[in-house]
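Please keep the model open as you read.

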Amino acid sequence: ALDWLDVSGSTGASSLLKLATSLGYYWYLVGSRPEGLDWLRRALVRAGDETAPEYIEALIRTGHLAQTMGDPGARDYLDRGTLLAQEAQDFEQLTHATVILGLMAEDDGAFAEAESLMTSSREFARQAGLEWADAVALYHLGVIAYGRGDLKTARTSLEEARAAAQLLDDLLIPFWSLPFLALIACAQHDLSRAAGCLHQAVLEGRQSGLRRGDETLLGAVAVIAAALEDWTSAVQLLGAGSAVIHWKPAPRRASPI
């Protein structure tokens, strides 16, 4: 469908943008992010109305995928999307853009900036009525608190985010929260609780079929192994986590039909 819209001339440009944008989370979660980034960029180039809601969303989806791949152009897309969303008073897209910018700050270790952005994202989410997005920002506030060494706040935020997401029948946040809860337990020298969190994460991951977040889970298990002075397992687990991060899907074969 994307290929067909891409060669349909100007009449297909709007539909191409809408379809590529709708697939943004699919590309993020399944792992075919380079493919998604390429399609979103192509769709943006062909787009006409830069004030359209789908254009703003496409900018933010593109910035999100670029951010996950370490692409330095991610901020340009996100800043442009944020500006247009502010002008349009589009609180839904402001929520998404702000949480991704917060994630970038989180990854850089700029925890004060990250905390401010995640707090703003929660405010936008509440204005837009986005309960799941509010839980996402709360989850990241827990990760940020962990990064700052505030284990009590980190545990409280992560447990609250996990509970809120479960009420929404969400699978992602509960799964993602468990490795960090395990790391917190390990830092508090409670290896039994840490192991329980990891065991639960494995069960939830298998039940849901989720793969996005496997690298964090493997890293957390490696930390527990190191705490037990099982250095060989720790190294093997870190290597496996690195392989997951750098994994790319094999090229798709042309159909014989």
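Predicted model: local features only at pLDDT ≥ 70, side-chain atom pairs only at ≥ 80, totals over all residues.

Residues are numbered from 1 along each chain as its sequence is written, and side-chain values use heavy atoms, with hydrogens and water left out.

**Terms for the helices**

- Helices (H or I, at least four residues) and strands (E, at least two) are DSSP runs, numbered from the N terminus.
- Contact means heavy atoms within 4.5 Å.
- Axes are lines fitted to C-alpha atoms, for helices over the stretch in contact, and angles run from 0 to 180 degrees between N-to-C directions.

**Helices α5 and α6**

- Helix α5 covers residues 53-68 and helix α6 covers residues 74-88; their axes are 8 Å apart and the two pack at an angle of about 150°.
- The pair is therefore roughly antiparallel (angles under 35 degrees count as roughly parallel, over 145 as roughly antiparallel, 65 to 115 as roughly perpendicular and the rest as oblique).
- Their crossing is left-handed, a term used if the near helix is turned anticlockwise from the far one by less than a right angle, with right-handed used if clockwise.
- On the α5 side, the contact is made by Y55, I56, L59, I60, T62, G63, H64, A66 and Q67; α6 contributes A74, Y77, L78, R80, G81, L84, A85 and A88.
- These contact residues divide into 11 nonpolar, five polar and one charged (Ala, Val, Leu, Ile, Met, Phe, Trp, Tyr, Cys and Pro count as nonpolar, Asp, Glu, Lys and Arg as charged, and the others, Gly among them, as polar).
- G81, a residue of helix α6, is buried, with a relative accessible area of 0%.
- Setting aside neighbours within four places in sequence, G81 is in contact with I56, L59 and I60.
- The C-alpha atoms of G81 and L94 are 8.2 Å apart in space, with the two residues 13 apart in sequence.

**Helices α10 and α11**

- The axes of α10 and α11 cross at roughly 155° and come within 9 Å.
- That makes α10 roughly antiparallel to α11, and their crossing is left-handed.
- From α10, the residues L151, A154, R155, L158, E159, A161, R162, A165 and Q166 take part; they meet I173, P174, F175, S177, L178, F180, L181, I184 and A187 in α11.
- The residues of this contact divide into 13 nonpolar, two polar and three charged.
- R162, in helix α10, counts as buried at 13% relative accessibility.
- Apart from neighbours within four places in sequence, R162 is in contact with I173, P174, F175, S177, L178, L181, Q200 and E204.
- S157 also lies in helix α10, which spans residues 151-167, and S157 is buried, with a relative accessible area of 10%.
- Not counting residues up to four places away in sequence, S157 touches L138, L141 and G142.

- Helix α11 runs over residues 172-187 and has 16 residues.
- From its first C-alpha to its last, α11 reaches 24 Å, close to the 22 Å expected at 1.5 Å a residue; the expected span is 1.5 Å times one less than the number of residues.
- Of the 16 residues of α11, 15 are buried, so this helix is largely enclosed by the rest of the structure.

**Positive phi values**

- Most residues other than glycine have a negative phi, and most peptide bonds are trans.
- D169 has a positive phi of about 60° although it is not a glycine.
- D169 sits in the loop between α10 and α11 and counts as exposed at 70% relative accessibility.
- Just after α11, H189 takes a positive phi of about 65°.
- E229 is not a glycine, yet it has a positive phi of about 60°; its place is in the loop between α13 (214-227) and α14 (231-246).

**A residue of α4**

- R42 is found in helix α4, residues 33-46, and is partly exposed, with a relative accessible area of 31%.
- R42 and D6 are 36 residues apart in sequence, and C-alpha to C-alpha they are 8.5 Å apart in space.

Technical notes:
Buried < 20%, exposed > 50% of the residue type's maximum accessible area, 1.4 Å probe, protein only.
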